Amino acid sequence: MIGRVIVKLSGKEAGRYGIIVDQLNENYVLIDGNLKRRRSNLIHLELTEQVLDIKKGAPTSEVREAMKKARLKVTSPRAKVEKEVKEKTNGKGKK
């Protein structure tokens with residue numbers, strides 16, 4: 001299972017790709033890639049058929065390099081999504 005490409009299904013990183021770096025037990029794995037390196041429940045992940053060649057516990061730099069070689073888009077896990085800024089009113093509405 002190590003090296004399997006995943007898609008995060010829930011949480012604030014939903015929709016981002018990552019890689020399984022380590023299997024902690026039957027329900028939890030350590031993930032890294034286009035998301036913050038963390039423990040995640042397998043229920044919250046979609047496993048793809050693609051498997052990359054990485055070692056167990058590989059550092060983030062190796063994970064990102066493997067993703068580049070596999071032609072997967074690599075982004076910063078801390079990349080902020082631009083939010084729409086609403087114009088503030090004083091509560092009285094428009095005049």
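Tutor: What follows starts with the basis of the values, turns to the helix, and then moves out to the strands and a loop.

This is a predicted model, in which local features need a pLDDT of at least 70 and side-chain atom pairs count only at pLDDT 80 or more, while totals for chains, interfaces and linings use all residues. Residues are numbered from 1 along each chain as its sequence is written, and side-chain values use heavy atoms, with hydrogens and water left out.

The pLDDT is the predictor's confidence in each residue, from 0 to 100. Its average over the chain is 85, and 80% of the residues score at least 70. The chain holds 5 strands and 1 helix; these are DSSP runs numbered from the N terminus, with helices (H or I) of at least four residues and strands (E) of at least two. Read from the N terminus, their order is β-β-β-β-β-α. Helix 1 covers residues 60-69 and has the lowest mean pLDDT among the elements, 90, whereas strand 4 (residues 38-41) has the highest, 95.

Now the helix itself. T60 is in helix 1. Is T60 buried, partly exposed or exposed? The words have cut-offs: buried means under 20% relative accessible area, exposed means over 50%, and partly exposed is in between (1.4 Å probe, protein chains only). T60 is partly exposed because its relative accessibility is 31%. A contact means heavy atoms within 4.5 Å. Once residues up to four places away in sequence are set aside, T60 touches D32 and R37. The touch with D32 includes a polar contact between the two side chains, at 2.6 Å. A polar contact is a pair of N or O atoms within 3.5 Å; within protein, one must be able to donate a hydrogen and the other to accept it, and residues adjacent in sequence count only if both atoms are side-chain atoms. The C-alpha atoms of T60 and G33 are 6.9 Å apart, though 27 residues separate the two in sequence.

A66 also belongs to helix 1. With a relative accessible area of 12%, A66 is buried. Apart from residues up to four places away in sequence, A66 touches L52 and I54. G33 comes up again here: its C-alpha atom is 9.5 Å from that of A66, and the two residues are 33 apart along the chain.

What follows the helix? R71 is in the segment after helix 1. Its phi is near 60°, a positive value in a residue other than glycine. R71 counts as exposed because its relative accessible area is 77%.

The strands come next. Q50 is in strand 5, which spans residues 45-51. At 32% relative accessibility, Q50 is partly exposed. Beyond its neighbours within four places in sequence, Q50 is in contact with G3, R4, V5, A70 and L72. From Q50 to I19 the C-alpha separation is 9.8 Å, for residues 31 apart along the chain.

V7 sits in strand 1. V7 is buried, since its relative accessibility is 13%. Its contacts outside four places in sequence are G15, R16, Y17, H44, L45, E46 and T48. L45 lies 38 residues from V7 in sequence, and their C-alpha atoms are 5.7 Å apart.

Between strand 1 (4-8) and strand 2 (17-23) runs a loop that contains E13. E13 is buried because its relative accessible area is 7%. The side chain of E13 reaches the backbone nitrogen of K36 at 2.9 Å.

One ring deserves a mention. R39 lies over the face of Y28, at 4.4 Å from the ring centre; for a charge to sit over a ring, NZ of Lys or CZ of Arg must be within 6 Å of the ring centre and within 35 degrees of the ring normal.

Last, the chain as a whole. Of its 95 residues, 32% are buried. Taking contacts between residues at least 6 apart in sequence, 45% join residues at least 24 apart.
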